[in-house]
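Take a look at the chain first, and then we can go through its charged pairs, a sheet and a helix contact together.

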Amino acid sequence: MNTKDIQTIPAKSIIYKTQSPSAWFGVDYNMNIYRGCPHGCIYCDSRSDCFQNKDFNTVTVKENALRIIRDDLKRKVKTGVVGTGAMSDPYNPVERELRLTRNSLELLNAFGFGASIVTKSSLITRDIDVLQDIQTHSPTIVKLSITTADDNLSRQLEPCASVTSERFEALHTLSESGVFCGVFIIPMLPYITDSADNLVQLLRMAKNAGAKFVYTYMGMTLRPGSREYYYEHLDKILPGTKEKYIKRYGLRKHCQSPNSKKLWGVLAEECERLGLLYDMKAITFYYKSVYANRQLTFL
């Protein structure tokens, strides 16, 4: 990908206050530098019509992003945790050269803010040094998004993202460096990844890679726009699966796995056995308490 051809879009602000910080891993502010994502995940909710991004596979960059982020941070009366990765992956292929995510983390570090990152890319290991610096003064959490234990299936579902094994290698590297990290098993795709076997494999792989937590939603979101894209690609890679969705869910936006009750039991039992956190409140409390302990040690 030639970054010289990357399109830009205007922006007045990039860092926005969340409506309820305690509701989602204690994130106080959201930050999205990129719009669109080339990872090609067939189930991505960000393709939904409500987000008004018709060419989601193409990455655009917000103009003067670093200057705007700097000014946004300077204006904040209160520091807090800045989350990124909700609408597009902050470590998409363009980031390798543009380094906007890395530079934005350096700004968070300079202004005393924490970081919460969701990604499917092993590129995040490049920025371990900055994450370590942030963690000395503010809460820091990294969530590797992983849906399946099988590399071949991940190539079909997420064709341009790092495969599962690469993400677990990145998780291990992050954990070994002392960064608080874990696994997002989101979404859980009905009839595809919602088996007890896949879940147990992911939990054990997470533990072996040094994860402190896992978090999952036993289903997926299918809204207009993302639904059509998902069904089109299901027909290519898993013929007949689309019909199961249509029969069970119709036009529902939230599609819970038919195995969800059993899977919650498997999740709880296996996480307790492995010593993995799996409740959002517990995860939030722990990663923020780790920061407090690190700060006391530093002092």
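**Salt bridges, a sheet and a helix pair**

The count comes to 14 salt bridges, a salt bridge being a side-chain nitrogen of Lys or Arg within 4 Å of a carboxyl oxygen of Asp or Glu. Please keep in mind that this is a predicted model, where local features need pLDDT of at least 70, side-chain atom pairs count only at pLDDT 80 or more, and totals for chains, interfaces and linings use all residues. Residues are numbered from 1 along each chain as its sequence is written, and side-chain values use heavy atoms, with hydrogens and water left out.

**Charged pairs**

- Arg 223 and Asp 45 form a salt bridge through their side chains, at 2.4 Å from N to O.
- This pair links distant parts of the chain, 178 residues apart: Arg 223 lies in the loop between strand 11 (219-221) and helix 8 (226-237), and Asp 45 in the loop between strand 4 (34-35) and strand 5 (60-62).
- Helices (H or I, at least four residues) and strands (E, at least two) are DSSP runs, numbered from the N terminus.
- Arg 223 is partly exposed at a relative accessible area of 24%, and Asp 45 is partly exposed at 22%; buried means under 20% relative accessible area, exposed over 50%, and partly exposed in between (1.4 Å probe, protein chains only).
- Asp 127 pairs with Arg 126 in a salt bridge whose closest N and O atoms are 2.8 Å apart.
- Asp 127 is buried, with a relative accessible area of 0%, whereas Arg 126 is partly exposed at 23%.
- Through shared partners, salt bridges join Glu 95, Arg 102, Glu 106, Arg 126, Asp 127 and Asp 129 into one network.

- Strand 1 and strand 5 run parallel and are joined by 3 bridges.
- Gln 7 has Thr 60 in strand 5 as its bridge partner.

**Two helices in contact**

- Thr 164, Phe 168, Leu 171 and His 172 in helix 6 meet Leu 202, Met 205, Ala 206 and Asn 208 in helix 7, where contact means heavy atoms within 4.5 Å.

Terms used
Two strands pair if DSSP finds at least two bridges between them.
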